[in-house]
Amino acid sequence: MLFNSFVFLFAFLPVALLVHWLVDRFRPEWRLPVLLLLSLFFYGYWDWRFAPLLIVSILVNWLIARAFIRSGRDTLIPLAIAGNLVVLAIFKYFNFFADLANMIPGVSTPHYDIALPLGISFFTFHHIMYLTDLKAGRAPRFDLVRYGLYIAFFPQVLAGPLVRWSEIMHQFEERPYARPDAAERFARGLMLLVIGLAKKVFLGDQLAEYANPVYQAATAGHAISMGEAWQAALGFTFQVYFDFSGYTDMALGLGLLFGIVLPQNFDSPYRAVSLQDFWRRWHMTLSRFLRDYLYIAMGGSRKGLAVQIGALTATMTLGGLWHGAGLTYVVWGFLHGVGLAANTLWRKAGYSMPKILGWFCMFSFFVLTIIVFRAQSFEAAWRIYQAMFGFGAEGAAMKWRAIAVGAAFALIGPTAWTLVHKLPPRRWIALAFALLFVIVLFKIGDDVNYEFIYFQF
Amino acid sequence: MNSSTSSSEAPAEASGAAAWRRFSLFLVGVTLAGVLGILAAAYIIDPYDTGRSGLFERPGVRPQGPRTANASRGRDPAFDAAIFGNSQIQLLSPERLNKRTGFNFLQLAVPATGPKEHFTLVEWFLRHRKGPVKALVLDADETWCTSDPAMPNFRPFPFWLYSDSPLEYAKGLMRYDILEELPRRLGYVFGKNPERARPDGYWDYEPNYLNLGYDTRPEVRARLEKPYYASEPTFERDPKEGQRRFPVADRLKALADSLPPETALILVHPARYKSYLPPPGTEEDYQDRACKAAMKAAVAGHPRSAVVDWRIDRPENRNPDYFFDLSHYRQPIAMAIENDIAKALERLR
């Protein structure tokens with residue numbers, strides 16, 4: 001179920017809120033099972049055939065965690081993590097690895113076109129975070145309902161944010177509507193939902209119309225003009241931001257409606273003044289996961305500069321692969337690893353850089369590398385690069401209005417979370433949000449609606 | 001997230017909580033009222049002149065695309081015959097046909113549509129006739145040869161606008177276009193001399209193609225000569241003989257059977273440039289022949305029916321000056337097809 005669909009906004013969400021409120025009021029002990037059932041329904045609505053995978057995944061990981069706690073066998077957790085990665089590999093990376101294997105002379109590996117279950121990357125990482133912390137003695141045991149809800153909680157199951165068990169489990173024990181700030185949370189959740197929807201349908205989707213045709217033309221081998229290439233590069237740069245940060249705002253807002261505070265995922269990343277700063281502000285929960293569960297596990301900064309550089313590059317390359325089963329994603333991740341390594345070396349050498357120049361370097365690097373990420377083939381990316389620097393078709397005309405609006409929103413002003421938490425409960429503010437909500441709802445009714453980019457990851 | 005919890009602040013908290021409750025209720029209430037209010041206004045104002053509300057009636061609509069304008073055109077009582085299809089039949093002129101037949105033709109073609117849209121418009125047109133329908137001309141191009149009973153359409157089409165169900169129509173009104181169209185409709189209804197979309201739906205696409213250089217640019221002209229099916233293998237017999245199914249033919253038969261005997265039903269297979277005709281023996285050729293046969297059989301039961309087939313190899317389809325691209329012909333062919341339609345109608349009188 002898409003957050004930006006009528007079935008979600010007019011049917012699932014009101015029913016879920018009403019049921020949740022009634023249960024919380026009259027049968028609070030049923031609250032978590034009901035939330036879990038609602039979440040499983042939400043997940044299965046897209047394609048019911050994937051729901052068993054999520055359920056089995058929850059059940060098996062929970063049973064292994066229980067077995068580990070009872071027996072203390074250290075091998076169980078690495079086996080479980082490996083099993084999760086194998087499932088992910090089968091569904092997401094089988095053809096990718098088959099293609100790599102087929103590059104070896106004499107090897108012929110078949111393709112299996114299995115549909116990718118939505119959110120599999122996210123719930124796999126959730127399992128890994130819990131199991132790793134369990135093995136390290138940092139995580140306690142949870143019952144099946146709580147663990148299931150941690151994995152499947154509908155605001156975050158499809159595209160995050162990547163939530164640590166320690167950020168959410170204690171909140172499940174609360175009576176959310178008995179809190180003194182319950183009404184405030186609910187109202188701010190509503191505002192976040194509206195802002196997220198507006199970001200998606202007015203900015204993200206608008207920018208998709210700028211970027212998609214150019215990337216399609218590049219993929220089809222058509223010549224691209226300089227204006228079109230910059231339009232595509234900048235268009236996707238801002239599209240991916242508003243698409244994903246809009247989704248995250250909605251997820252955070254929905255979490256608040258059900259009394260749960262989900263972690264922040266964006267902190268004005270396009271205002272970062274270095275690549276390192278960027279990754280602290282962009283998809284923050286993924287960055288933290290990569291840092292804590294890959295980079296540090298690989299040695300981090302504790303084993304000398306060479307290991308650190310290697311760990312950075314490997315972590316970001318794997319992060320790239322996580323985004324998609326394609327070499328373009330791998331190269332994108334690798335480039336960011338190299339960029340971060342250069343950033344580290346620069347810093348360690350004691351050099352400094354004016355902030356504005358740092359921002360320019362960071363933003364240019366991001367715009368140039370995101371082309372490889374989006375293009376889906378190196379040929380298409382190369383065609384865009386050629387055109388950007390004047391070696392494509394003639395023509396400098398570009399659509400820029402939505403890009404300018406997007407840039408203004410991304411570069412100036414607070415994040416949605418900060419803005420929403422500064423606003424007082426004034427009637428005119430509620431009116432402004434209501435009017436925006438009405439327009440957004442009518443916009444959602446249009447024939448062209450785009451899926452969220454991060455659903456494919 | 002901040003929240004104050006000390007007991008001395010309890011009254012302030014309570015009033016703060018009440019203020020936030022009112023905030024949420026107001027936000028949700030105004031949103032619901034706004035949505036329902038706009039939907040109600042849209043239903044009453046009837047932005048596309050569908051006839052569902054008579055309060056803001058004025059014949060016709062402002063100039064706009066045929067997807068939406070055809071709702072108004074299709075219920076115009078002035079017409080007793082109509083043409084349905086996509087851009088492949090768009091160039092047929094109602095005026096010229098009227099002169100030849102004495103009927104009053106309406107052009108309801110919509111670019112980039114297939115059978116699902118065509119039948120929707122046929123039903124809309126028939127539903128709004130009070131007098132007898134003299135002729136229906138249907139463009140049966142390759143999209144009619146689909147084996148998919150759902151007759152998938154590839155471009156958005158406002159099926160809700162032509163729906164029987166008021167609920168589906170009301171649901172369809174919930175789109176951003178409506179917010180833009182409502183004031184335009186009011187401007188059209190209350191304007192002194194508003195510009196009106198052409199009532200008979202005719203649109204001559206020639207100037208557009210000419211502006212784009214389709215008749216002069218060598219690389220565009222060269223595309224015409226590239227055989228579309230050059231790499232297709234040939235077979236002595238249809239490899240799918242007896243297995244081909246054409247759900248559109250079933251739909252067509254149901255329509256033909258439902259028509260009164262006095263209504264002429266003309267099926268047109270629109271012209272194709274020679275490079276786009278499947279060579280004999282290719283699977284596409286067998287498919288084309290089977291499809292045409294199925295369509296012919298579907299209309300055969302109707303006493304006044306005929307098929308006009310221009311999707312064949314004939315001298316006109318070998319003349320590059322008569323085509324912009326492989327499937328978009330120019331006025332000489334449009335007039336020749338009109339001539340064939342008029343002759344068929346003459347025979348059926």
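1. Salt bridges. Over all chains of this predicted model, the count of salt bridges comes to 44. One of them pairs B:E57 with B:R75, whose closest N and O atoms are 3.1 Å apart. B:E57 lies in the loop between α1 (10–45) and α2 (66–74) of chain B, and B:R75 in the loop between α2 and β1 (81–84) of chain B, so this pair ties together parts that are 18 residues apart in sequence. With a relative accessible area of 46%, B:E57 is partly exposed.

2. A second bridge in chain B. The side chains of B:R244 and B:E283 also meet in a salt bridge, at 3.9 Å from N to O. Since the cut-off is 4 Å, a reader may wish to look at this pair in the model. B:R244 is placed in the loop between α8 (218–224) and α9 (247–258) of chain B, whereas B:E283 belongs to helix α10 of chain B, so the bridge ties together parts that are 39 residues apart in sequence. B:R244 is buried, with a relative accessible area of 15%, while B:E283, at 24% relative accessibility, counts as partly exposed.

3. Further salt bridges. B:E316 forms a salt bridge with B:R314, and the closest N and O atoms of that pair are 3.1 Å apart. At 23% relative accessibility, B:E316 counts as partly exposed. In chain A, salt bridges that share partners join A:E174, A:R179, A:D181 and A:R185 into one network.

4. The disulfide. A search of the whole structure finds 1 disulfide over all chains, and this bond joins B:C145 to B:C291 with an S to S distance of 2.0 Å. The torsion about the S-S bond of B:C145 and B:C291 is about -85°, so the disulfide is left-handed. The bond links distant parts of the chain, 146 residues apart, with B:C145 in the loop between β3 (135–139) and α5 (166–172) of chain B and B:C291 in helix α10 (residues 283–300) of chain B. Both B:C145 and B:C291 are buried.

5. The interface of chain A and chain B. In the contact between the two chains, 36 residues of chain A meet 28 residues of chain B, and about 2,900 Å² is buried between chain A and chain B, 79% of it on carbon and sulfur atoms. A:P180, A:P425 and A:F442 supply 24% of the area that chain A buries against chain B, which is more than any other three residues. Across this interface the rule finds 0 salt bridges, and the count of residue pairs in polar contact between chain A and chain B, with both residues at pLDDT 80 or more, is 2.

6. Elements on the chain A side. The elements that give two or more residues to the side of chain A that touches chain B are α1 (6–26), α9 and α19 (427–444) of chain A. Of these, α19 of chain A gives the most, with 12 residues. The residues on this side of chain A divide into 24 nonpolar, 2 polar and 10 charged.

7. A buried lysine. A:K200 is found in helix α9 (residues 182–219) of chain A, and at 0% relative accessibility A:K200 counts as buried. The side chain of A:K200 makes a polar contact with the side chain of A:D243 at 2.8 Å.

8. Positive phi values. Most residues other than glycine have a negative phi. A:S268, although not a glycine, has a positive phi of about 45°; A:S268 is found in the loop between α10 (226–257) and α11 (275–281) of chain A, and at 4% relative accessibility A:S268 counts as buried. Phi of A:H283 is likewise positive, near 45°. A:H283 is found in the loop between α11 and α12 (284–295) of chain A, and at 0% relative accessibility A:H283 counts as buried.

9. An exposed glutamate. B:E195 has its place in the loop between α6 (176–190) and α7 (206–211) of chain B, and at 60% relative accessibility B:E195 counts as exposed. The C-alpha atoms of B:E195 and B:P63 are separated by 6.9 Å, although the two residues are 132 residues apart along the chain. Not counting residues up to four places away in sequence, B:E195 touches B:V61, B:R62, B:P63 and B:Y188.

Key:
Residues are numbered from 1 along each chain as its sequence is written. Chains are lettered from A and ligands numbered from 1 in the order in which they are written. This is a predicted model: local features need pLDDT of at least 70, side-chain atom pairs count only at pLDDT 80 or more; totals for chains, interfaces and linings use all residues. Side-chain values use heavy atoms; hydrogens and water are left out. Helices (H or I, at least four residues) and strands (E, at least two) are DSSP runs, numbered from the N terminus. Buried means under 20% relative accessible area, exposed over 50%, partly exposed in between (1.4 Å probe, protein chains only). A polar contact is a pair of N or O atoms within 3.5 Å; within protein, one must be able to donate a hydrogen and the other to accept it, and residues adjacent in sequence count only if both atoms are side-chain atoms. A disulfide is a pair of cysteine sulfur atoms within 2.5 Å. Contact means heavy atoms within 4.5 Å. Buried area is the accessible area (1.4 Å probe) that two parts lose on being put together, summed over both. Ala, Val, Leu, Ile, Met, Phe, Trp, Tyr, Cys and Pro count as nonpolar, Asp, Glu, Lys and Arg as charged, and the others, Gly among them, as polar.
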